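Colleague: I have not looked at this one before. Can you put it up and take me through it?
Modeller: Here it is.

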Amino acid sequence: MFKDITLGQYYPTGSVIHRLDPRTKINFTFAYIILLFVVNNPVGYLIAIGILALVIALSKIPFVYVARGLKPLIFIVVLTFVLNMFMTPGQVLWQWKFLHISRQGLKLSIFMSLRLVLLVTGTSIMTLATSPMDLTDGMEADMSVIPGIKRFAHDLAMMMSIALRFIPTLMEETDKIIKAQKARGADFETGNLIERAKALIPILVPLFVSAFRRADELATAMEARCYRGGAGRTRMYVLSYQKADTIAYVVLAATAAAMILSRFISYPWPFPFN
Amino acid sequence: MNEQTAYIKHQSPSGEPIIRVENLSYAYPVEDENQEPKQALSDINLTVNPGEFVGIIGHNGSGKSTLSKILNGIIVPDSGDAWIEGMNTKDAEKIWDIRKTAGMVFQNPDNQLVSSVVETDVAFGMENLGVPSDKIKEKVTEVLDMVGMSDYRKARPHQLSGGQKQRIAIAGILAMKPDCIIFDEPTAMLDPNGRGEVMKTILDLNRNHGMTVLHITHYMSELVNADRIVVMDNGKIVAVGTPREIFSKVAMLKKIGLDVPQMTELAYLLRQDGYDLPQDILTIREMVEALCH
Amino acid sequence: MSLKIEHLDHIYAAGSPFEFQALKDINVELEDGCFIALIGHTGSGKSTLIQHLNGLIEPTSGTVYLDGQDIFDQSKEDLIKTRFSVGLVFQYPEHQLFEETVAKDVAYGPKNLKLPEDEIHERVKWAIEMVGLDYGKIKDVSPFELSGGQMRRVAIAGVLAMRPKVLILDEPTAGLDPHGRDMILGQIQKLHKAAHNTVILVSHSMEDVGRYADRILVMYHGKAVYYDTPTQVFRHVDELEKMGLAVPQVKYLMRALKKQYPEINDDLFTVEDARDEIERVLGREHHV
């Protein structure tokens, strides 16, 4: 019953963010990640949080859904926070035995963990608001303008889209093989590590055999439909920028400018941050 | 009739038959030199004319799938030739024209769909042929309608039943505007409902859209409506004829391990016991009429 | 061994938007030593039901008793033992082959059962011969070099080697040609007659069902609708058709003939029986 698992985490709402060209979303996210490493002050972070909040609001995806993407990272975020807080040398604000918190440590721990949270939320909002197919198309289009990887762009994108197509099929198949071997008395749960690893052979071998058979048949079927690589190929949906994409790029430029400029302002803030 | 009329081609452009096979032989290569190579096809001759529905029947290993692979240029025959509208399948330069002219639908419904969305899968062949975007969209709408799958345009293949997946595969081939479709056991992996759906689609294409069909199967019942049936055994053609001619050869069919429609078999058994029944009874109604005349 | 299914319910993805009730209050007692056919269109719950019978999936509520023992209320070791008593052959079982040789693959089940070497050997030989293959010729061959029909039979042998008291087969003839189909069903029937094991055959072919089954269990929308002899079940022609099923061709013919010859017995499903009955009623010389 793997049939209804949605791939990646696409959450369709039909919002303006969803309707943006996938290239816009990929480029925006990419730029956003770089900007997160450029920013070094509270104002810059406020802008970063603000723009992300705006995108989430526009996407109409429930906030809990977006936040869910952070769950597996809580540990790393906390660890980053704690390590930076206690391990950074500098002007000591508080000390207890060998533990100390420095002014620089406090700043670094807040900024570093915030950066992580924003980075993950930013990429997950992109995958939530872009279907895997669009994502592949967008990456193909983006890659094909970069010299060097240009000639692999189509092949990589085709591989990705075939993988997307076959993941549900292979998951179902794995489930079936596991059950079939269990019906022959296989026991995957008891025994030491080596025994358990060995117990996986009756699953992995049939799975690989099947994957190769599928690949072979699919290749034949693709050739029978005149597939011969990317040259001379057209697409049913040609990516084209709309007005919303222009607006998105303008917003991106403004945000980038503001975030970079924020580095050059000195802050008469009551924070112990300089 | 609207633009679908374009499918009706009772005369191929070259005036040639759509499929012509002459003295075709093929043996699969063996790794071990001491092993005797198994002759998959020996001296096959076959012609399929525009608009025909020809069935090829035979048990597994009779050579019928090898034949279809040769017709699609996937394997090259050892001797003899196969032509698709006058193009020799050995001619490497013509391979894409051949594949575009004689489209092919395969057995496993999962392993021939490329895309995770139905409409882009149907578009795949046209994209490969370099058809412009707006033409693709039009054609996708048209062919999905022809196979009765318009409601599933945005669906994902793994959510469809086997019969529906095969109809999508058929739509993907139709979109390339072939003159002929070769069906290589498209129903072997389907349940009775799926088989019914696919056979209905194939018959509709042949009857109402003039599509030339070469249907390979081991289900006799699927060929009741064929114009001609070719029976294969051990790499050879053992009989050619109309469904009634073929089905009445009950003893021969049973000998080579094929099924006969139950009514035909019953007529055969009763005839053996002296009943005066026609040899070519296919349906229940014909049997009732013959017994209660 | 008798299998008693009591108030069995199964709900997939309960509580999610994809919630789907696959089984609804199934109550059936499958008698020991019967050849039972399980029929129903795709999605009627057949596969879900048979996977409960050897404990591969757990019921949402209700349970299954194997000779009085609740199979879901026992230790994990005992549950694995249950799987040896109730052998399940999945659809396209050749997709589970993994060993280097046929003999090793067939031995996988008995090995899991931790039987002594000589008994494993004896069972492997027996099982391979049971499915109509030549043990001496095939035992050291890689299963991946066999033909489709042979691979299927090796995979079935892999389950037979566990000597299950109840043998469940999910469409064992799917994708095979008529010859391969007759071969497999013939072997299963031979084994059933010799060992008096219980056989549960999932099938879409009413002709095969009519030919082999003592009992038919009909599933529809997750419910067990009929459980009776073929004669009784196939009398429900109209109801079965509404469920997307059919009855054997011969049954339709005999029903049509009964209108003309009221004395004809129309509870027949095979071509041979039909011939005998037609000759009995119409007379041998009738049409000569």
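Colleague: Which residue is the bridge partner of C:D9 in β4(C)?
Modeller: C:S61 is the bridge partner of C:D9 there. Keep in mind that this is a predicted model.

Colleague: How many bridges join β1 of chain C to β4 of chain C, and which way do the strands run?
Modeller: Five bridges join β1 (residues 3-12) to β4 (residues 61-66) in chain C, and the two strands run antiparallel.

Colleague: What is the strand order in that open sheet of chain C?
Modeller: The order is β2-β1-β4-β5, four strands with antiparallel pairing. At the edges stand β2 (20-30) and β5 (69-70) of chain C; each has a single partner strand, so one side of each has no neighbour in the sheet.

Colleague: Which strands of chain C does α1(C) lie across?
Modeller: α1(C) lies across β1, β2 and β4 of chain C, at about 125° to β1(C).

Colleague: Is α1 of chain C largely enclosed or largely open?
Modeller: Helix α1 (residues 46-53) of chain C is largely enclosed by the rest of the structure, because seven of its eight residues are buried. Among the buried ones are C:K46, C:L49, C:I50 and C:L53. Just after α1(C), C:G55 has a positive phi of about 75°.

Colleague: Now chain B. What is the strand order of its open sheet?
Modeller: In chain B four strands form an open sheet in the order β2-β1-β4-β5, with antiparallel pairing. The edge strands of that sheet are β2 (39-48) and β5 (87-88) of chain B, each pairing on one side only.

Colleague: And which residue stands opposite B:E22 in β4(B)?
Modeller: B:D81 does. Strand β1 (residues 19-27) and strand β4 (residues 79-84) of chain B are joined by five bridges and run antiparallel.

Colleague: What does helix α1 of chain B lie across?
Modeller: Helix α1 (residues 64-71) of chain B lies across β1, β2 and β4 of chain B, and runs at about 120° to β1(B).

Colleague: Which ring does the charged end of B:R20 sit over?
Modeller: The ring of B:W83, with the charged end of B:R20 4.3 Å from the ring centre.

Colleague: On to chain A. How many residues lie between the strands in the hairpin of β1(A) and β2(A)?
Modeller: Two residues lie between them, and A:K97 in that hairpin takes a positive phi near 50°. Four bridges join β1 (residues 92-96) to β2 (residues 99-102) of chain A, and the strands run antiparallel. A:W96 has A:L99 as its bridge partner in β2(A).

Colleague: How many aromatic pairs are there over all chains?
Modeller: Eight. One of them is A:Y241 with A:Y249, edge-to-face, 5.7 Å centre to centre and 85° between the planes. A:R23 lies over the face of A:Y241, at 4.1 Å from the ring centre.

Colleague: Last topic, the inside. How many residues does the largest nonpolar core have?
Modeller: The largest nonpolar core has 82 residues, and B:L291, C:L253 and C:I278 have the most contacts inside it. Helix α6 (residues 148-160) of chain C gives the largest share of this core, seven residues. A second, separate core has 48 residues, including B:M149 and B:I256.

Terms used:
Residues are numbered from 1 along each chain as its sequence is written. Chains are lettered from A and ligands numbered from 1 in the order in which they are written. This is a predicted model: local features need pLDDT of at least 70, side-chain atom pairs count only at pLDDT 80 or more; totals for chains, interfaces and linings use all residues. Side-chain values use heavy atoms; hydrogens and water are left out. A nonpolar core is a set of buried Ala, Val, Leu, Ile, Met, Phe, Trp, Tyr and Cys residues joined through side-chain atoms within 4.5 Å. Buried means under 20% relative accessible area, exposed over 50%, partly exposed in between (1.4 Å probe, protein chains only). Rings of Phe, Tyr and Trp (its six-membered ring) pair if their centres lie within 6.5 Å; planes under 30 degrees apart count as stacked, over 60 as edge-to-face and the rest as tilted. A charge sits over a ring if NZ of Lys or CZ of Arg is within 6 Å of the ring centre and within 35 degrees of the ring normal. Two strands pair if DSSP finds at least two bridges between them. Contact means heavy atoms within 4.5 Å. Axes are lines fitted to C-alpha atoms, for helices over the stretch in contact, and angles run from 0 to 180 degrees between N-to-C directions.
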